[in-house]
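This report covers one protein chain in a predicted model.

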Amino acid sequence: MLNEEKIRLMTGISMFEKKMMKESIPANRYFKSDYVGSHLIRSFIAYSLTVCLCLLLWVLYRFDDLINAMAVDDLISLGVRLVFYYAAGLLAYLVVTWKVYSRRYDEAAGRLKIYQAKLRRLEKNMTSSLQRKTGRKRVSDRTFSIQGKTETILWKI
C-alpha cells in the first residue's frame, strides 16, 4: 500500500531540488557576511567600470568643448562634481546591493531549513516504516539489527 505522506514529502523534496537548489546553494556554502561581501565587491567593480566607460564616452563626445571653452578652474570644479556624483551613486548602488543580497541569502537559508526538515521527516518516516515491515530493532542512530535464526546481521542505511 502506498504511503501518501511519504509520496508528498518525496515530491516536495524533488521539486525543491529541481527549482530552488541552484539559488539556495550559496546559502549553504558561505556565511552571510561572505556572501553579501563578495556581491558588494562585484557591484563596486561593475559600477566603477560602468562609470568609467560612460565618462570616457562623454569626454570623447564633448572633447572640443572641454578643450576650447573651459578654463583650468572650470575643469577642476567639474572633476570635483563628478567625483561627488560618483561617490553618491556608488553609495546608493552598494546599499541597494547589500539589501538585495541580504534578503536573497535569508530566503535561501529559510528554504534550506525547510528542505532539511523535510529530509529528516522523510528519513524518520522511512525508518519507522522499515522497522514495522521487517521487524528490525534499532541498534544506534543509523544502524539496524536483523535477528535471524542463526546469526545477527548489521545493516546500515
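## Basis and secondary structure

Helices (H or I, at least four residues) and strands (E, at least two) are DSSP runs, numbered from the N terminus. The protein chain has five helices and three strands, in the order α-α-α-α-α-β-β-β from the N terminus.

The model is predicted: local features need pLDDT of at least 70, side-chain atom pairs count only at pLDDT 80 or more, and totals for chains, interfaces and linings use all residues. Residues are numbered from 1 along each chain as its sequence is written, and side-chain values use heavy atoms, with hydrogens and water left out.

## Burial and contacts

Buried means under 20% relative accessible area, exposed over 50%, and partly exposed in between (1.4 Å probe, protein chains only). Of the 157 residues in the protein chain, 21% are buried.

A contact means heavy atoms within 4.5 Å. Where contacts in the protein chain join residues at least 6 apart in sequence, 64% are between residues at least 24 apart.

## Helix α3

Helix α3 spans residues 32-61 and contains Ile41. Ile41 counts as exposed because its relative accessibility is 53%.

Six residues of α3 make up the largest share of the lining of the largest pocket. Lining residues have an atom within 4 Å of a point of the pocket, an open set on a 1 Å grid over the protein atoms alone where a 1.4 Å probe fits, with protein on both sides within 12 Å along at least five of seven lines. Among the lining residues are Trp58 and Tyr85.
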